[in-house]
Amino acid sequence: MANEMIKAAVLGFGTVGSGVVELLDINKSSVGRRVPGGVEVKYILDLRDFPDSPYRDRVIHDFDRIVEDPEIKVVCETMGGKEPAFTFTRRALEKGISVCTSNKELVAAHGPELLRIAREHSCSYLFEASVGGGIPIIRPMNVSLAPESIEKIIGILNGTTNYMMTRMEKEDISFEDVLRQAQEKGYAERNPEADIEGHDACRKIAILSSLMCGKTVRYEDIPCEGISRVTMTDVAYARSMGRAIKLLGISERDESAGTFYVRTAPYMVPDSHPLHGVEDVFNAVFVHGNLVDNLMFYGRGAGKFPTASAVVSDMLDCALNIGNTIPVCWTDEVMQLTDPATKVEEFFVRIPLSDKEKAKSLFGICHEVKAPGGPEDEFAFTTEPMTEAAFAEAAGRLAEIRSAIRILRG
């Protein structure tokens with residue numbers, strides 16, 4: 001089969017879908033080295049017509065034509081959203097057609113079910129592009145790191161928010177202004193909620209956590225905070241501390257309890273940590289294995305061709321394994337998560353100056369933090385390590401918390 005031309009279909013001719021089709025043409029020689037017969041997109045499914053596209057003759061509007069064509073061996077789902085992407089993916093897999101996708105929403109919601117259907121029908125379901133765009137992370141976790149017990153993953157998993165925090169830090173631009181700038185550049189959607197409230201990053205850390213433990217980590221169960229409450233004052237304090245604020249997805253194995261701690265939230269990252277220098281739209285995934293120690297995967301986490309490159313990589317693997325299932329260790333058994341209230345963290349806190357003495361009595365040791373030009377009417381401090389529950393109890397006894405941001409240790 002590897003010496004024959006592999007016929008494929010692309011579902012959705014938007015940014016990523018068009019990138020997949022173009023990449024297969026641009027890098028035809030590279031594709032041919034991996035799959036000697038080559039890969040050809042026979043169909044492009046979309047609701048729209050594209051009369052000015054050089055691929056207009058491949059555009060169709062009826063999914064049945066794809067699943068009923070015995071020549072189609074691989075489908076690339078780049079539609080986004082849960083429906084009709086789920087229905088189309090399920091039907092393709094039930095026909096024994098392998099599917100690869102960039103759709104993190106679908107993978108997070110239905111990954112184990114679709115993997116099971118693929119196994120039952122001797123085909124594959126792959127989703128390298130769903131987490132890090134062009135960054136290879138899924139395949140290394142499934143293959144290169146298979147013998148490892150992965151103990152921790154920390155990821156900058158959303159390019160939009162990382163771009164925004166970088167501009168706020170480097171150029172002293174307010175959150176509102178930098179969001180508008182990100183929208184003008186096409187980094188943020190008109191409705192940016194999925195990015196700035198952390199939902200996109202939360203889905204991605206749910207996928208990585210599921211692969212990390214081999215069970216299902218539901219993104220609905222993960223505490224999720226975004227960056228919408230981060231201010232320039234917070235950024236100035238972080239800078240004075242030699243830190244940068246990043247939206248992180250964190251997953252840690254708790255061997256003693258047999259659970260996983262997972263969270264998405266802004267953290268102050270020290271300049272000694274590899275993630276500190278990840279700026280603009282770039283993403284990075286920091287992985288700690290019990291024997292391999294620390295690894296970091298870095299690159300463009302989004303964009304037309306970086307994401308398309310990851311999708312096509314999966315296409316080629318599927319093309320070389322027609323009639324077989326490429327194994328992915330992820331079952332539908334739900335993984336128990338650690339009670340977030342028991343997690344020990346350090347916090348950066350800003351409160352009115354009038355509550356300074358009360359804060360000292362509530363939090364014990366408070367390490368005062370000052371920033372050039374910082375507000376004169378407030379007290380900023382960092383706490384000693386304490387549980388989330390203890391912090392919430394102490395914070396609840398103060399009249400006002402202007403800001404509270406976790407501090408990444410190590």
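Author: Rings of Phe, Tyr and Trp count as a pair if their centres lie within 6.5 Å. In this predicted model, a search of the whole structure finds 11 aromatic pairs.

Reader: What makes the pair of Phe13 and Phe50 edge-to-face?

Author: The ring centres of Phe13 and Phe50 are 4.9 Å apart and their planes stand at 80°. Planes over 60 degrees apart count as edge-to-face, so the pair of Phe13 and Phe50 is edge-to-face.

Reader: Which parts does this pair tie together?

Author: Phe13 belongs to the loop between strand S1 (6-11) and helix H1 (15-26), and Phe50 to the loop between strand S2 (39-45) and strand S3 (59-60); the pair therefore ties together parts that are 37 residues apart in sequence. Both Phe13 and Phe50 are buried.

Reader: Why is the pair of Phe379 and Phe381 called stacked?

Author: Its planes are 20° apart, with 5.2 Å from centre to centre. Because planes under 30 degrees apart count as stacked, the pair of Phe379 and Phe381 is stacked.

Reader: How many residues of S4 are buried?

Author: Five of the six residues of S4 are buried, and the strand is mostly covered.

Key: Residues are numbered from 1 along each chain as its sequence is written. This is a predicted model: local features need pLDDT of at least 70, side-chain atom pairs count only at pLDDT 80 or more; totals for chains, interfaces and linings use all residues. Side-chain values use heavy atoms; hydrogens and water are left out. Rings of Phe, Tyr and Trp (its six-membered ring) pair if their centres lie within 6.5 Å; planes under 30 degrees apart count as stacked, over 60 as edge-to-face and the rest as tilted. Helices (H or I, at least four residues) and strands (E, at least two) are DSSP runs, numbered from the N terminus. Buried means under 20% relative accessible area, exposed over 50%, partly exposed in between (1.4 Å probe, protein chains only).
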